[in-house]
Amino acid sequence: MRACLAGMFFAAFASAAFAEQLVDEPDDYRMADYRAPVPETLKGARVLTTAVAEAIWRAKTGVFVDVLPRPPKPKDLPQGTVWRDKPRLDIPGSVWLPDTGYGRLASATEDYFRRGLARASNGDKAALLVIYCLADCWMSWNAAKRALGYGYSNVAWYPQGSDGWERADLPLAEAQPEPRPDE
C-alpha cells in the first residue's frame, strides 16, 4: 500500500512538473525572456530531435544556421584595452548569423539575416534550413519563424541547439560569425 501511494505521488508530481514545462506557441515573436522553456511546435516548420538533426548533418542535406547572439565590442573602450570575443562552439559547418533571433530586429539586422539566409541557401527558398541556438532559447524559435515569413518553405527548428548536440557527444567546432556590412 505504501509503495502504491508513493508511486501515485511520484506520478502526480512528475505530471505536474511536466505540465509546467508545456509552453503554448505564441502567435507572434517572443519579445523578452529568451532563455526560458520553449514550445514543442512551430507552425510551418519541422521540429527536430538531436538524432534527426544529426542524420541531416551527416547526410549534408541541410544548411545549419546558428543564431546565438554575440555581444559587440564596445565602441568606447579605452585605447590599448584588449577585447577578446567569447568563443562560440557550434555544429560544424554551420552559418552563424548572430543577433537575428530577437523578437524585434533593427532594419540593418533584418537585412543581414535575409542576406545571410539567401547566401546559405544559394537563393533556394526550398533548401532545408536547420535553425538553432541553445536549449530553451527562444532566439532560434523566433529566427525560424522569421525565415518562414521570408518565404522559406523547408525550415526545421532544432530546439536543443548546441547544448543538445554536445550532450549527445557530437562534435562541435569554434565558429566565427558571418561578417556584417559595418564590420
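Predicted model: local features only at pLDDT ≥ 70, side-chain atom pairs only at ≥ 80, totals over all residues.

Visitor: How many aromatic pairs does the structure hold?

Guide: There are seven aromatic pairs. Rings of Phe, Tyr and Trp (its six-membered ring) pair if their centres lie within 6.5 Å; planes under 30 degrees apart count as stacked, over 60 as edge-to-face and the rest as tilted.

Visitor: Why is the pair of Tyr-34 and Tyr-102 called edge-to-face?

Guide: The centres are 5.3 Å apart, with 80 degrees between the planes. The rule asks for centres within 6.5 Å and planes over 60 degrees apart, so the pair is edge-to-face.

Visitor: What makes this a link between distant parts of the chain?

Guide: Tyr-34 is in the loop between helix 1 (2-21) and strand 1 (46-47), and Tyr-102 is in the loop between strand 4 (95-96) and helix 3 (107-120), 68 residues apart. Helices (H or I, at least four residues) and strands (E, at least two) are DSSP runs, numbered from the N terminus.

Visitor: Why are Trp-138 and Trp-141 an edge-to-face pair?

Guide: Their ring centres are 5.3 Å apart and their planes stand at 65 degrees, so the pair is edge-to-face. Because Trp-138 and Trp-141 are three residues apart in helix 4 (residues 138-149), about one helical turn separates them. Both are buried.

Visitor: Which charged end sits over the ring of Tyr-112?

Guide: That of Arg-180, 4.8 Å from the ring centre. A charge sits over a ring if NZ of Lys or CZ of Arg is within 6 Å of the ring centre and within 35 degrees of the ring normal. Arg-146 lies over the face of Tyr-29, at 4.2 Å from the ring centre.

Visitor: How do you know that the buried residues of helix 2 line one face?

Guide: The buried residues of helix 2 (residues 50-59) are Thr-50, Ala-53, Ile-56 and Trp-57. Seen down the helix axis, they fall within an arc of 125 degrees, so they line one face; the arc is that of the directions from the axis to the C-beta atoms. On the other side of helix 2, Ala-51 and Arg-58 are exposed.

Visitor: Why is Leu-117 called buried?

Guide: Leu-117 lies in helix 3. Its relative accessible area is 0%, so Leu-117 is buried. Leaving aside neighbours within four places in sequence, Leu-117 is in contact with residues including Val-65, Leu-97 and Tyr-152; contact means heavy atoms within 4.5 Å.

Visitor: And what makes Pro-181 exposed?

Guide: Its relative accessible area is 62%, so Pro-181 counts as exposed. Pro-181 is in the segment after strand 7 (173-175). Leaving aside neighbours within four places in sequence, Pro-181 is in contact with Tyr-112 and Arg-115.

How values were computed: Residues numbered from 1 in each chain as written. Heavy atoms only, no water. Buried < 20%, exposed > 50% of the residue type's maximum accessible area, 1.4 Å probe, protein only.
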